[in-house]
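I opened this notebook to keep track of what I looked up, one entry at a time. The sequence and the structure come before my entries.

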Amino acid sequence: MADGGKMVPTKVSPTADVYPKRIMEYIEGFLISKTLFTSCELGVFELLLGSERSLSAAEISQAVGASLDGTERLLAACTGMQLLNRHQDDGKVSYSNTEQARLFLTRSSPLSLYQSIHYHSKTIYLCWHYLTDAVREGRTQYEKAFGVSSGDLFEAIYRSDDEMVKFMQLMHSIWNICGKDVVTAFDLSPFKVICDLGGCSGALAKHCTSAYPECTVTIFDLPKVVHMSKEHFIKEDDQRISFHEGDFFKDSLPEAELYILARILHDWTDERCVELLQRIYKACKPGGAVLVVEALLSEDGSGPLTAQLYSLNMLVQTEGRERTDVQYAALLTAAGFTNIRHCLTGKIYDAVLGHKKA
């Protein structure tokens with residue numbers, strides 16, 4: 001409250017039952033994420049997956065090469081996070097994976113988020129160390145975090161072959177979880193020739209060919225990304241998926257009936273987005289469309305929290321931001337697209353579809 005222009009401190013009775021539960025949870029969130037990162041890095045969940053029985057802390061510590069005391073504390077925290085089951089038999093304590101850990105935290109699972117967690121731990125986490133600087137300066141912090149120039153966004157992100165593969169594995173794991181939902185948010189069966197711009201590992205292309213048996217998909221990406229995708233992710237015998245090398249801001253785009261931009265526009269400013277969308281509109285066949293896949297903010301920007309945090313991440317890592325469906329519609333309209341609709345999937349990523357007149 002203000003009193004004569006002065007701020008009056010809030011008075012709290014010393015006997016009042018006040019506890020900042022939510023704030024404490026946010027503070028502890030840092031500890032929770034690091035516990036998850038460390039457990040994955042040490043291979044705890046992988047070890048338990050390969051065991052025919054639950055294992056004691058001593059067995060786990062020896063297998064992962066960690067101290068017994070530290071391992072006991074880590075396992076206790078993972079139990080509290082409901083990532084591990086704790087068993088007690090004749091006074092002996094042992095541990096096993098919960099179903100969530102088995103499905104999402106082990107490398108061999110088709111739904112594994114291990115690579116996503118690894119990328120967050122080793123790359124995104126380091127960038128977020130400079131979040132305060134990013135907010136003050138309004139720009140990416142790659143140079144401070146990794147000592148590389150952020151003048152060319154993807155030269156920074158793909159600063160080494162190892163980093164490129166990590167990023168591709170991140171995208172691959174995300175679309176293994178969310179891909180089907182976004183490619184079936186709208187009925188895309190009328191579009192037989194699809195081009196996935198910045199298609200990376202090809203995970204979304206696979207979901208397209210699975211959901212729409214009559215379609216073919218061309219993955220358009222930088223030459224070094226295409227090379228890595230062929231080497232690590234896409235089998236040569238997949239006849240319905242092909243590749244086209246190029247830079248979508250500089251090179252000619254292959255003609256298609258549908259273009260997919262999945263987690264692409266959020267990397268760029270409004271001006272660069274319109275530039276890219278205009279190039280797509282020019283290449284698109286009459287009656288074709290563009291599918292934009294992003295984490296949509298609510299119309300007033302008040303949520304969801306995940307999209308708000310992702311927008312901060314875009315500040316730290318790129319020159320872009322997360323947007324509302326109305327903002328994406330404005331970008332699509334500026335490029336010439338009409339009949340623009342959006343669909344909330346109920347998961348992290350949503351879909352916006354814009355059409356080119358026949």
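**Notebook: domain, sheet and rings**

I began with the record: UniProt, in an unreviewed entry, places the feature "domain: O-methyltransferase dimerisation" at residues 24–106; its positions are given in the numbering used here, feature names are shortened, and annotations may be inferred rather than shown by experiment. I noted that this is a predicted model, in which local features need pLDDT of at least 70 and side-chain atom pairs count only at pLDDT 80 or more, while totals for chains, interfaces and linings use all residues. Residues are numbered from 1 along each chain as its sequence is written, and side-chain values use heavy atoms, with hydrogens and water left out.

I then looked up the make-up of residues 24–106, where the chain is 64% helix and 14% strand, and where the end C-alpha atoms are 29 Å apart. Helices (H or I, at least four residues) and strands (E, at least two) are DSSP runs, numbered from the N terminus.

Next I followed the sheet, which is open, has 7 strands in the order S7-S6-S5-S8-S9-S11-S10, and shows mixed pairing; two strands pair if DSSP finds at least two bridges between them. Its edge strands, each pairing on one side only, are S7 (241–245) and S10 (338–343). Within the sheet, S8 (residues 258–262) and S9 (residues 289–294) run parallel and are joined by 5 bridges, and I found isoleucine 260 opposite leucine 291 in S9.

I turned to the aromatic rings and asked myself how many aromatic pairs the structure holds. The structure holds 10 of them, where rings of Phe, Tyr and Trp (its six-membered ring) pair if their centres lie within 6.5 Å, and planes under 30 degrees apart count as stacked, over 60 as edge-to-face and the rest as tilted. Tyrosine 142 and phenylalanine 146 form a tilted pair, because their ring centres are 5.3 Å apart and their planes stand at 40 degrees. Both lie in helix H8 (residues 142–146), 4 residues apart, about one turn of the helix.

I checked accessibility as well (buried is under 20% relative accessible area, exposed over 50%, partly exposed in between, with a 1.4 Å probe and protein chains only). Tyrosine 142 is buried at 0%, whereas phenylalanine 146 is partly exposed at 22%.

Finally, I noted that arginine 159 lies over the face of phenylalanine 146, at 3.8 Å from the ring centre; a charge sits over a ring if NZ of Lys or CZ of Arg is within 6 Å of the ring centre and within 35 degrees of the ring normal.
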